[in-house]
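Look at the structure first, then read on.

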Amino acid sequence: MIQAEHLTRRYGARVAVEDLSFTVPTGQICGLLGPNGAGKTTTLNVLTGYLAASEGRVIVSGHDILEEPMAARRQLGYLPEQPPLYPEMTVEEYLRFVAELRRVPRAERSAQVRRAMNRVAAADMARRLIRNLSKGYRQRVGLAAALLGDPEVLILDEPTVGLDPAQMIEFRTLIRQLGRKHTVILSSHILSEVSAVCDQVLILSRGRLMAQGTPDQLADRLAGRARLQILVLGQADTAAAAVKALEGVCEVKADPESEGRARLTVTLDAGAAPQQQAAVSLALAAAGCAVLRLEAEAMSLEEVFLQLTETPQEGDQEE
Amino acid sequence: MSAIFKREWKCMFSGMLGYALCAAYVLVGGLYFWVYNLLNLYPDFGYTLYGTTFAMLVFIPILTMRSLAEERRSHTDQLLLTAPVGVPSLVAGKYLAMAAVFTVPVAILGLCPLVMRLYGTVSLPKAYGALLGYWLLGCAGIAIGLFFSGLTDSPIIAALSTFGVLLLSYLMPGIQSLFAVGSLLALGVFGLLAALAGLLAGIRSRSLMLGMLVFLALCAALLALYALRSATLTSAFTALLGALGLFTPFENFIYGIFSIPAVIYYLSITALFLFLAGQGLEKRRWS
């Protein structure tokens, strides 16, 4: 189990992660989702104790990562974005080194190293120099290293980046298997990957937690959204103001077009039921804007994700 | 700690670097031994060692440059700093491995007095006392190199800064004699040091007031000293420069003095820089 309580991490004046709290129970796979620069890697580095949190704390299996670092780190296996490999060592030498570093008793080392190599299907490469391995195998060796010492919590930073599609599927299957016994936290910027593998999803944007839940919950909550494309005759501002006040409307974008027309893009919270559409068109009519065309479309999870992670950016600019 | 020691040692001797460094060192040592002791028949092995101290200026930066900088560059520090190993044992493992590599050529050079003994009378305690001092000097230099390697992620910059610092301390006796002048200069230098101490105190405690107070207190003490006993200030300045001359205390050993202060000096330099290297690693977590 791993708990994060009100994590904040600053680099000088820049805030990379702000007030992040979550708990991942044992046997669960948690996905950290967000675009590049959302603070995923920083979050994982803070969770593993590589970086210290500016505020808040991390508790791994009951041990605070900064107050009882040795006990907490024993329960942590970390695969950073770039696997921490020594190119001049062979795979087996490297894994033996990590096993010793992670305090695996001497008698168990060989067995554990072999088991880890089999687990990630890298046993054929045992005697190869790491410098000669392909990206996929490097990733596997990195994962094997994270498994040594049988840690309770596994933290994987973008584990499938740079793999070919077949390897990606293999890796996801592997992560799902690992999730049965371990607590797994992985980061990704690919929504489909996270929703396929994870039991819990955290969506991060600009260091803040935007949404949290199971993939199904998120899909229900988010995919329920719909969008209306409306063409009206009248001022863009008036039309937007008329629609914004309505219940169930969460976002309105208005662009003026030629001949006194305006195009409105309205995002609805709870689907595009006919009553909703009627309410929108009535409100527009009441404001003196005639509706020329109205189309409803459902939003995919991808679009919702994009919207969620983009909104605060606009907010920041307004501030 | 033993895992890191073993890896570091293997890494040195899995490529050319370890062998090349040791071979070059033994070559230089052997050359001096040949010229001083065999051709010119000096019975003192200490002189030979003294002649080869300059080789450390090259040997130590190359030996230590990769130790921490390379880990940072290849992101393997993420493995080390998240493993259940404390920063002290990490630094100790790295340091001991490099000290062990340095011990190899020193041990080989240790055969020279035995060779001389075959052909004449040689004071072995004197020769091996000098060798011990020599070894301690090298180990202190390695600690300095390790510290500089931790400051950057570029081995080249680490090597150059270590070389620069070692060169400066090698030339310190000459610099010392250049500066053996008026107390006003000493006052200036100490004033600068006081400003530095004040700045550090201010940054450390995040209080401008405290930094200023430290600076003012130190300046007042300095001015009082200058007004009352300016000679103390000058000698303190010379002593300060002397303390920076890493290679000077070793000279005692050549003259056959087993100098305890020199041993303590080298051990404290080693401990200080290892501590600073550890602090540097720990600090990166927070910055």
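The axes of α3(A) and helix α1 (residues 2-14) of chain B come within 8 Å and cross at roughly 155°. Axes here are lines fitted to C-alpha atoms, for helices over the stretch in contact, with angles from 0 to 180 degrees between N-to-C directions. α3(A) and α1(B) are therefore roughly antiparallel (over 145 degrees). Helices (H or I, at least four residues) and strands (E, at least two) are DSSP runs, numbered from the N terminus.

This is a predicted model: local features need pLDDT of at least 70, side-chain atom pairs count only at pLDDT 80 or more, and totals for chains, interfaces and linings use all residues. Residues are numbered from 1 along each chain as its sequence is written, chains are lettered from A and ligands numbered from 1 in the order written, and side-chain values use heavy atoms, leaving out hydrogens and water.

**Helix pair across the chains**
- From α3(A), F97(A), E100(A) and L101(A) meet S2(B), A3(B), I4(B), K6(B) and R7(B) of α1(B); contact means heavy atoms within 4.5 Å.
- By class, this contact has 4 nonpolar, 1 polar and 3 charged residues.
- Ala, Val, Leu, Ile, Met, Phe, Trp, Tyr, Cys and Pro count as nonpolar, Asp, Glu, Lys and Arg as charged, and the others, Gly among them, as polar.
- E100(A) forms a salt bridge with K6(B), with the closest N and O atoms 3.0 Å apart.
- A salt bridge puts a side-chain nitrogen of Lys or Arg within 4 Å of a carboxyl oxygen of Asp or Glu.

**Whole interface**
- The count between chain A and chain B is 2 salt bridges.
- β1 (2-11), α1 (40-48), α2 (69-74) and α3 (91-101) of chain A each supply at least two residues of the side that touches chain B.
- α3(A) gives the largest share of that side, 5 residues.
- The side of chain A that touches chain B divides into 17 nonpolar, 4 polar and 7 charged residues.
- In total, 28 residues of chain A are in contact with 25 residues of chain B.

**Helix pair within chain A**
- The axes of α5 (residues 135-147) and α6 (residues 165-181) of chain A come within 12 Å and cross at roughly 10°.
- That makes α5(A) roughly parallel (under 35 degrees) to α6(A).
- G136(A), Q139(A), R140(A), L143(A) and L147(A) in α5(A) meet Q167(A), E170(A), F171(A), L174(A) and L178(A) in α6(A).
- The contact of α5(A) with α6(A) has 5 nonpolar, 3 polar and 2 charged residues.

How values were computed:
Angles under 35 degrees count as roughly parallel, over 145 as roughly antiparallel, 65 to 115 as roughly perpendicular and the rest as oblique.
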